[in-house]
Amino acid sequence: MPARLDRVAGLERVNDFVVKFANVNGSGSASANRLFARAILRMGVPATPRNIFPSNIQGLPTWYQVRVSEAGHLGCRGGADLMVAMNPQTWDKDVAEIVPGGYLFYDSTKPLPASKFRGDIVVIGVPLTAICNSTYTDPRQRQLFKNIIYLGALSALLDIDAQVIEQLIGEQFQGKDKLIAPNVHALHLGRDHALAHLQCPIGLRVRRSDAVGDRVFIDGNSAAALGSVYGGATVAAWYPITPSSSLAEAFERYCRRYRTDKTTGEKRYAIIQAEDELASIGMVIGAAWNGARAFTATSGPGISLMQEFIGLAYFAEIPAVIFDVQRGGPSTGMPTRTQQADVLCCAYASHGDTKHVLLFPQDPAECFEFGAAAFDLADRLQTPIFVMLDLDIGMNERLCPAFAWDDSRRLDRGKVMTQEELEQGAEFGRYLDVDADGIPFRTYPGTHGARGAFFTRGTSKDRFARYSEEGAAYIDNMQRLLRKFETAKLLAPRPVRTDATGPAPIGAIYYGSTSPAMDEAVALLAERGVALDLLRIRAFPFHPDVGAFVAEHEQIFVVEQNRDGQLRMLLTVEEEIDPKKLTRILHYDGTPITARFIAEAIAEQALASNIVPLRKAVP
Amino acid sequence: MTYLPKPAIRHPALPVNALGLTRRDYEGSVSTLCAGCGHDSISAAIVHAAFELDLPPHRIAKLSGIGCSSKTPTYFLGKSHGFNSVHGRMPSVATGASLANRDLIYLGVSGDGDTASIGLGQFAHAMRRNVRMVYIVENNGVYGLTKGQFSATSDKGAKSKRGVTNNDEAIDLVGTALGLGASFVARGFSGDKTQLVPLIKAALQHRGAAFIDCVSPCVAFNNHPGSTKSFDFVREHNEAVNHLDFITPRTEITADYAPGAVEVVVQHDGSLLRLRKLAADYDVHDRVAAMAWLQQRQSAGEIVTGLLYVEPETVDLHGHLNTVGVPLNGLAEPELCPGSEALDRLNAGLR
């Protein structure tokens with residue numbers, strides 16, 4: 001097998017391609033792959049990595065795909081222009097995924113039969129194992145440096161500046177300086193081999209640009225954790241579950257940095273890894289009842305376990321912030337794949353009549369913003385607030401606007417009656433709607449020696465928190481909770497509307513991690529003559545803008561990442577929209593939704609239903 | 001229960017404590033439990049202990065789960081905030097509350113169903129985390145509010161009122177607490193107030209999880225011959241290892257007993273526990289010996305009561321977490337929010 005087959009004309013693309021790394025879990029590839037993505041970003045070209053990993057520590061297949069897009073498309077595109085095939089287990093599938101004219105990079109130490117290759121792709125072999133074995137004797141070094149060696153070879157093939165990677169290696173091993181030189185050495189082993197033996201660069205190239213600007217590169221879970229620090233959270237209780245664990249871990253990391261007394265080492269925070277999700281939400285409710293800002297981070301199975309407590313917090317009106325980093329359900333489902341399938345289960349969590357506030361961040365920037373805002377909302381509304389991330393946003397690093405904070409901003413602790421107010425004789429009824437917004441006053445335990453104490457309970461009660469099963473008192477309370485939910489409509493983040501350049505009779509509603517794919521899909525649809533107005537929903541209950549948007553359009557596509565169209569159901573039930581008007585566009589195989597999928601599905605239905613007067617395609 | 005509301009007027013000669021409060025100031029609303037219920041005696045003992053310790057009622061937070069026992073926090077300390085949470089989950093709510101404000105006293109009340117059945121997990125974890133709280137189980141070995149089903153502390157062989165025999169092993173809560181590393185373990189009997197009140201006082205002053213398993217007969221469903229949680233049975237089989245007099249630092253110790261029969265334990269806050277030993281070889285600081293003692297005596301059919309184990313210098317959850325000395329719920333923006341400059345620096349590291 002020659003090192004390279006030149007009979008196929010490879011794709012020619014600058015700053016616009018997809019590279020996919022097929023690796024074995026636990027082989028240490030993640031760090032090298034991440035260096036690859038960050039080097040491209042440092043060259044000023046937007047790159048969006050996605051880690052596709054198994055529920056496993058070692059041995060199962062894992063992929064890392066990097067979309068390079070100078071145009072700034074951050075969504076998943078689908079297909080691979082260059083496959084770095086390092087995993088024999090998935091070889092056939094990986095090779096099949098390469099687009100015609102694409103490239104296959106592989107370890108050519110052992111010859112493979114011709115039947116293992118395709119005729120319509122460019123094959124690039126580098127004897128990685130042979131290079132490693134001749135350089136290193138320690139098996140672990142052979143394994144780890146193999147990753148850096150392929151990174152070096154790729155840098156030559158794709159014209160990535162080696163100095164940028166060296167710089168990143170230096171930053172990564174700051175403080176462990178003796179690791180820098182061996183990594184740089186390995187990088188050049190691969191790079192020098194490629195330069196000496198292969199035609200470099202190939203048709204896919206990275207060219208320096210300035211399309212990144214001052215944006216930052218971070219994962220949504222870390223951003224949400226940072227938002228919680230800025231939002232004043234002091235108590236976090238959690239139970240490990242993919243894909244949310246890194247949120248709690250990031251909170252601890254940021255708290256160590258920002259909330260630890262420099263001289264005494266004392267902590268202005270408390271984090272408990274609870275025995276289960278029931279305990280974690282119980283601790284959050286206990287802490288919030290007692291006046292601390294508290295949160296938990298979990299995923300679908302955890303939400304299922306928390307149901308009873310969530311109902312208590314709704315009915316007894318106790319603030320709580322719950323980050324739900326959604327994964328594929330139902331049951332254990334696809335623990336390491338992404339979905340937006342907890343929308344209904346969170347919106348109506350617990351038995352009896354309940355409704356909850358949900359926030360839908362689209363990227364790490366909104367994870368930070370909503371993360372902080374959720375604590376204000378929880379205190380203001382005295383109710384659980386769900387921040388609905390998903391694995392795609394939560395666990396993947398994404399380019400997003402730099403974080404900003406207004407130092408004049410104050411925490412909104414909501415309606416809390418103080419010792420002074422009680423002393424002056426202010427009337428206190430825990431469930432008394434004094435401002436006609438459905439939100440009563442509360443007191444923290446320990447506030448006043450004689451006034452303001454009350455009994456918090458999950459049983460029904462009157463306006464003064466006295467136990468009562470009187471029908472009238474119960475209805476009075478339940479109606480006030482509905483009024484409070486109306487208030488929430490105007491406090492929660494407003495939807496974002498983006499109109500087509502001309503009048504469009506059709507619209508699309510979407511939310512959360514669908515965002516980058518939707519933005520790109522609109523451009524693809526415009527090329528095909530389909531104009532679309534967009535409404536990105538950022539919260540439930542729905543702002544009045546949502547109903548207005550639906551009313552203005554003949555047909556609405558609701559784009560979601562679940563099987564049943566859960567947001568569409570909420571729209572039909574809560575906004576009383578004719579279901580016929582809302583067409584489902586659903587993607588739920590566990591992979592992130594793509595622009596190509598959305599454009600295809602909408603074009604097919606829009607053109608078939610004839611409701612769209614075909615406008616001239618953009619020339 | 002009685003239908004008569006409590007009269008608002010009080011006797012002018014009622015004694016007052018150091019805060020100028022009478023015992024009535026520590027009471028709650030009228031109990032809705034059955035007349036003669038052991039739980040009401042425990043509520044009265046709590047009132048008694050808090051009054052005598054001069055505790056400001058609003059500095060105590062009462063927490064409970066679900067069940068007859070968990071209803072009782074409405075019947076004592078009416079000026080305290082209370083939280084009747086969900087079944088078996090009081091410990092997690094108390095843990096969160098304690099994290100938010102380390103300055104209040106947390107008094108958790110639970111039952112044998114609430115703790116040993118549905119809530120065994122949360123009970124265990126509150127003990128092993130050493131959350132600073134008083135945790136009282138009003139243990140009657142039966143589900144009262146749902147009318148007479150066995151609970152996980154019903155003794156094997158115990159007969160229900162309907163004549164059904166319990167075949168499952170009982171969970172011994174004091175043994176379990178000791179095994180979990182609890183730093184204060186006691187057993188009392190609702191029918192013995194002279195023993196119970198000092199135990200509650202000592203628990204209220206303890207700087208960690210203070211667990212009291214209080215046998216409290218259910219007059220409606222578990223007080224018949226054949227029951228091992230009836231008044232008669234407990235009185236006949238009660239074997240106290242010691243009698244505890246709680247003493248504040250202000251009180252002079254008078255030696256009424258023979259040398260060796262009294263042990264004085266200095267609590268972290270300087271207050272003293274005076275233990276009158278009833279079992280001469282019993283050592284309240286030896287966890288392993290306590291567990292062995294319990295196993296031996298209980299297998300002989302005795303109900304071992306008294307202060308069974310105490311670690312006066314224990315380190316509680318806040319100590320392990322190394323949280324600041326002030327309540328977390330009182331921290332404001334400057335202590336919580338790192339501000340825009342820190343964020344700019346953080347941004348720079350994310351490029």
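Buried area is the accessible area, taken with a 1.4 Å probe, that two parts lose on being put together, summed over both. The model examined here is predicted.

**Exercise 1. The interface between the chains**

Describe the contact of chain B with chain A by its residues, its buried area and its salt bridge count.

Solution. 
- Step 1. Begin with the residues: on the side of chain B, 54 are in contact with 70 of chain A.
- Step 2. Turn to the area: about 5000 Å² is buried between chain B and chain A, and 63% of it lies on carbon and sulfur atoms.
- Step 3. Identify the leading contributors: B:H81, B:F83 and B:R351 supply 14% of the area that chain B buries against chain A, more than any other three residues.
- Step 4. Consider charge: between chain B and chain A the count is one salt bridge. A salt bridge joins the side chains of B:R129 and A:E275, at 2.8 Å from N to O.

**Exercise 2. Helix 1 and helix 4 of chain A**

Determine how the axes of helix 1 and helix 4 of chain A are arranged, and which residues meet.

Solution. 
- Step 1. The axes of helix 1 (residues 29-42) and helix 4 (residues 139-157) of chain A come within 8 Å and cross at roughly 20°.
- Step 2. Angles under 35 degrees count as roughly parallel, and therefore helix 1 of chain A is roughly parallel to helix 4 of chain A.
- Step 3. The crossing of helix 1 of chain A with helix 4 of chain A is right-handed.
- Step 4. Helix 1 of chain A contributes A:S29, A:A32, A:N33, A:L35 and A:F36, which meet A:N147, A:I148, A:Y150, A:L151 and A:L154 of helix 4 of chain A. By class, this contact has seven nonpolar, three polar and no charged residues.

**Exercise 3. Helix 7 and helix 12 of chain A**

Carry out the analysis for helix 7 and helix 12 of chain A.

Solution. 
- Step 1. The axes of helix 7 (residues 220-230) and helix 12 (residues 364-381) of chain A come within 7 Å and cross at roughly 30°.
- Step 2. Helix 7 of chain A passes helix 12 of chain A in a right-handed crossing.
- Step 3. Among the residues of helix 7 of chain A in this contact are A:G220, A:A223 and A:L226, while those of helix 12 of chain A include A:P364, A:F368 and A:F375. The contact divides into nine nonpolar, four polar and no charged residues.

**Exercise 4. Backbone exceptions**

Which peptide bonds are cis, and where do their prolines lie?

Solution. 
- Step 1. Recall the general rule: most residues other than glycine have a negative phi, and most peptide bonds are trans.
- Step 2. The bond from A:G329 to A:P330 is cis, with omega near -5°; A:P330 lies in the loop between strand 13 (320-326) and helix 11 (343-347) of chain A.
- Step 3. The bond from A:F540 to A:P541 is also cis, with omega near 5°, and A:P541 lies in the loop between strand 21 (539-540) and helix 17 (544-552) of chain A.
- Step 4. As for phi, A:N15 has a positive value of about 55° although it is not a glycine.

How values were computed. Residues are numbered from 1 along each chain as its sequence is written. Chains are lettered from A and ligands numbered from 1 in the order in which they are written. This is a predicted model: local features need pLDDT of at least 70, side-chain atom pairs count only at pLDDT 80 or more; totals for chains, interfaces and linings use all residues. Side-chain values use heavy atoms; hydrogens and water are left out. Axes are lines fitted to C-alpha atoms, for helices over the stretch in contact, and angles run from 0 to 180 degrees between N-to-C directions. Helices (H or I, at least four residues) and strands (E, at least two) are DSSP runs, numbered from the N terminus. Angles under 35 degrees count as roughly parallel, over 145 as roughly antiparallel, 65 to 115 as roughly perpendicular and the rest as oblique. A crossing is left-handed if the near helix is turned anticlockwise from the far one by less than a right angle, and right-handed if clockwise. Contact means heavy atoms within 4.5 Å. Ala, Val, Leu, Ile, Met, Phe, Trp, Tyr, Cys and Pro count as nonpolar, Asp, Glu, Lys and Arg as charged, and the others, Gly among them, as polar. A salt bridge is a side-chain nitrogen of Lys or Arg within 4 Å of a carboxyl oxygen of Asp or Glu.
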